[in-house]
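Here is a short report on one protein model. Look over the sequence and structure first, then read on.

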Amino acid sequence: MVKQCPTKLDMNWSLNLMNKIFQLLIATLIACSLVTHAKSALTKPDYQRLNNASNFIESEQYLQAYKYLMQIKEEVVSDYAQTLVIYNLGLVELQQEKHTKALKHFNEAYQRKALTEIQQSNLQRVIAQLNCHEEKWQLCIDYLNRWMKEQPDKVKGSDNFLLGQAYTQLENWHAVNLEMQTAINSVAVAPKGWYQLTIAAHVQLGQWQAAISLQKEMLTHYADNHEFWRQLVSLHIQAEDYTGALAYQRMGFESYLLREERDYRLLAQML
């Protein structure tokens, strides 16, 4: 029997999920505005200036916010206040999808080391996500790993996914498996893409049985997905488990999931 190459995994989920995470980043930055928590650490005039800037941002008056922040950048007194101005400049650029400029401001805010310890740590996560968005994968990995070590209780499956995505770009498949399995275990039902990335990493490492086991687990949650059944059959063929391949091809056929012409042809070849 001639081996059939595994069905190509749909990787569009990667970009879509990255965009969802990026939108969540923006929402989180707005909801957790540093100015909101900084009143006691600022002089009254500086707090009022920064609060005015935050009001411009929250009302989506980004041009006014940018001009105002540039104006007050030299007026605020402390290093802390100046750093908050730079941070908010980054937020304004981010809202306008000027990612490179936003990253530059956030990097400057971080390098000044004027924020509180928790603010400094949280900013690492922001910088990591932006570096991933800018395809600066190693920087994304470095910043995200530091943040995860500092605040393990705040790490979510989406953070492990982002780290797994970065490792994928560097073809570090063992690291991909570690992060993605952690992501999958963190939720009751993982997104399809999380399974697909982990299975793809197993395939890259030639870990066929691990890939098959995870494909079966995915099918317990997404049993009506025709392509996932085809991928399971294909993985069995790659593992030279032709008996298993035939069994799942028949199961898919009997479940009315594998009834296309290509499915009939493959079933006939295996009989």
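## Helix 13

How many residues does helix 13 have, and how far does helix 13 reach from its first C-alpha to its last? Helix 13 covers residues 242-254, which is 13 residues, and reaches 18 Å. That is close to the 18 Å expected at 1.5 Å a residue. The expected span is 1.5 Å times one less than the number of residues in the helix. Helices here are DSSP runs of H or I with at least four residues, strands are runs of E with at least two, and both are numbered from the N terminus.

The model is predicted: local features need pLDDT of at least 70, side-chain atom pairs count only at pLDDT 80 or more, and totals for chains, interfaces and linings use all residues. Residues are numbered from 1 along each chain as its sequence is written, and side-chain values use heavy atoms, with hydrogens and water left out.

Several residues of helix 13 are buried: Gly-244, Ala-245, Leu-246, Tyr-248, Gln-249 and Gly-252. Buried means under 20% relative accessible area, exposed means over 50%, and partly exposed lies in between (1.4 Å probe, protein chains only). The buried residues pack against helix 11 (208-221), helix 12 (226-238) and helix 14 (261-270). Contact here means heavy atoms within 4.5 Å. After helix 13 comes Tyr-256, with a positive phi near 60°.

## The nonpolar core

The largest nonpolar core holds 77 residues. Helix 4 (residues 79-95) gives the largest share of this core, 10 residues. Such a core is a set of buried Ala, Val, Leu, Ile, Met, Phe, Trp, Tyr and Cys residues joined through side-chain atoms within 4.5 Å. Phe-106, Leu-123 and Tyr-195 have the most contacts inside the core. Setting aside residues up to four places away in sequence, Leu-123 touches Tyr-87, Phe-106, Ala-109, Tyr-110 and Leu-115.

## An aromatic pair

The structure holds 6 aromatic pairs. One of them joins Tyr-110 and Tyr-143 edge-to-face, at 5.7 Å centre to centre and 75° between the planes. The pair links distant parts of the chain, with Tyr-110 in helix 5 (residues 99-112) and Tyr-143 in helix 7, 33 residues apart. Rings of Phe, Tyr and Trp (its six-membered ring) pair if their centres lie within 6.5 Å; planes under 30 degrees apart are stacked, over 60 edge-to-face, and the rest tilted.

Are these two tyrosines buried or exposed? Tyr-110 is buried at 13% relative accessible area, and Tyr-143 is buried at 8%.

## Polar contacts

Glu-150 lies in helix 7 (residues 137-150). Glu-150 is partly exposed, at 46% relative accessibility. Its side chain makes polar contacts with the side chains of Ser-121 (2.7 Å) and Gln-124 (2.9 Å). A polar contact is a pair of N or O atoms within 3.5 Å; within protein, one must be able to donate a hydrogen and the other to accept it, and residues adjacent in sequence count only if both atoms are side-chain atoms. Glu-150 and Ile-118 are 32 residues apart in sequence, yet 9.2 Å apart in space, C-alpha to C-alpha.

Gln-119 sits in helix 6 (residues 117-133). Gln-119 is buried, with 8% relative accessible area. The Gln-119 side chain makes a polar contact with the side chain of Tyr-80 at 3.1 Å.

## The disulfide

The structure has 1 disulfide. Cys-132 is joined to Cys-140, with 2.0 Å from S to S. The cut-off for a disulfide is a pair of cysteine sulfur atoms within 2.5 Å. The link is left-handed, with -75° about the S-S bond. Cys-132 and Cys-140 are both buried.
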